[in-house]
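Here's a quick briefing to read with the viewer open. Have a look at the model first, then work through the notes by topic.

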Amino acid sequence: MNEQSPQAAASGTFLLGSDLAVHRLGYGTMRLVGDGTWGEPADPAAAHRVLRRAVELGVNLFDTADAYGPEIAERLIAEALHPYPRGLVIATKGGITRQGPAKTEYVGRAGYLLQCIEMSLRRLKIDCIDLYQLHRIDPRTPMEESLGAMKRAQEQGKIRHIGLSEVAPHQIEQAQRLVDVVTVQNRYSLADRRHEEALRFCERQRIAFLPWYPLAAGKLLRPDHPAANWLTQIAANHEATVAQLSIAWLLQRSPMMLPIPGTSSVAHLEENVAAATLKLSAEEWVQVEAAAAG
């Protein structure tokens, strides 16, 4: 692989909601903040460099959330990139509160979500959020109330498109009766395919599928993992890493897939983007899946 000038455009283009063209390989901002998705980054200037480098590499889909920090990832985006280059799409989320590192609670009440939207607009320094995603469905709040609030904000011009996160097919169907769902963001990777049914549903409905935690390469590289040696060898045959192999697998897995790998390192960002150029034969991908399955 040639990693000298990686460009996200090599991943192809996807049309979000029929009007927002994005490169399929995006960037997720969760890793920019402190451990447990809590607190300031150790080096804010380094976080700014990563965000700016992502734009230089052609990344034009940035995924974030008000719960990252909380509030810090959105602020970092504005600090580093505002005024935003033309064509940059920012997707954010609301519906999770944080009480400390790795401590969360889901809140889907209408009043709370409307406040979340207003505050995200303020932090991001924009008038309309390109893609606003319900971060989690709150089991204590009817979906009609949560999505009703988001639809109201959409009608007011504060949200362009609506998405969901961590949902099953029946929940997507329920949501579709209330709003136009253009994205689903679920945990999915070569090492974790628990949401296979949701992906197939999105393919049938032409809904973009954003896999979060798309690498999970650490799990595959553990010495005790049966896939480690085999995947490392396949990657080495293409002068690539297992992390790159994991991203490339996602891109070839489905045309609806928009991976959003995150990192706080410019070097790792460049490595991730370079994965868009990695091409394997159909037979090799079968070997990759077999190895990952153990």
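Predicted model: local features only at pLDDT ≥ 70, side-chain atom pairs only at ≥ 80, totals over all residues.

Residues are numbered from 1 along each chain as its sequence is written, and side-chain values use heavy atoms, with hydrogens and water left out.

**Nonpolar cores**

- A nonpolar core here is a set of buried Ala, Val, Leu, Ile, Met, Phe, Trp, Tyr and Cys residues joined through side-chain atoms within 4.5 Å.
- Buried is under 20% relative accessible area, exposed is over 50%, and partly exposed is in between (1.4 Å probe, protein chains only).
- The largest nonpolar core holds 72 residues, and Leu51, Leu245 and Val288 have the most contacts inside it.
- Skipping neighbours within four places in sequence, Leu51 is in contact (heavy atoms within 4.5 Å) with Tyr27, Thr29, Leu32, Phe62, Leu76, Ile77, Ala80 and Leu81.
- There's also a second, separate core of 14 residues, with Leu16, Val89, Leu131 and Val182 among them.

**Aromatic pairs**

- Rings of Phe, Tyr and Trp (its six-membered ring) pair if their centres lie within 6.5 Å; planes under 30 degrees apart are stacked, over 60 edge-to-face, and the rest tilted.
- That rule gives 3 aromatic pairs.
- The Tyr27 and Phe62 rings sit 5.9 Å apart at their centres with planes at 65 degrees, so this pair is edge-to-face.
- Tyr27 belongs to strand β3 (residues 27-28) and Phe62 to strand β4 (residues 61-63), so the pair ties together parts 35 residues apart in sequence.
- Helices (H or I, at least four residues) and strands (E, at least two) are DSSP runs, numbered from the N terminus.
- Tyr27 is buried at a relative accessible area of 0%, and Phe62 is buried at 0%.
- Tyr188 and Phe209 also pair edge-to-face, at 5.6 Å centre to centre and 85 degrees between the planes.
- That pair links distant parts of the chain, 21 residues apart: Tyr188 is in the loop between β10 (181-187) and α6 (196-205), and Phe209 is in strand β11 (residues 208-212).
- Tyr188 and Phe209 are both buried, and ring pairs link Tyr188, Phe209 and Trp249 into a cluster.

**Second largest pocket**

- On a 1 Å grid over the protein atoms alone, a pocket is an open set of points where a 1.4 Å probe fits, with protein on both sides within 12 Å along at least five of seven lines; lining residues have an atom within 4 Å of a point.
- The second largest pocket has about 190 Å³ of space, where volume is the space filled by probe spheres set on the points, and grid points are joined across faces, edges and corners.
- Its lining includes Leu20, Ala21, Tyr84, Arg86, Val89, Cys128 and Asp130.
- Strands β2 (20-23) and β5 (89-94) are the elements that give two or more residues to this lining.

- Thr97 lies in strand β6 (residues 96-100) and is buried at 17% relative accessible area.
- The Thr97 side chain makes a polar contact with the Gln99 side chain at 2.9 Å.
- A polar contact is a pair of N or O atoms within 3.5 Å; within protein, one must be able to donate a hydrogen and the other to accept it, and residues adjacent in sequence count only if both atoms are side-chain atoms.
- Met150 is in helix α4 (residues 143-155) and counts as buried at 0% relative accessibility.
- Lys158 and Asp130 are 28 residues apart in sequence and 8.7 Å apart in space, C-alpha to C-alpha.

- The peptide bond from Gly69 to Pro70 is cis, with omega near -10 degrees; Pro70 is in the loop between β4 and α2 (72-81).
- The bond from His82 to Pro83 is cis too, with omega near 0 degrees, and Pro83 is in the loop between α2 and β5.
- Lys125 has a positive phi, near 60 degrees, and is not a glycine; at 52% relative accessibility, Lys125 counts as exposed.
- Glu166 has a positive phi of about 55 degrees and is partly exposed at 22% relative accessibility.
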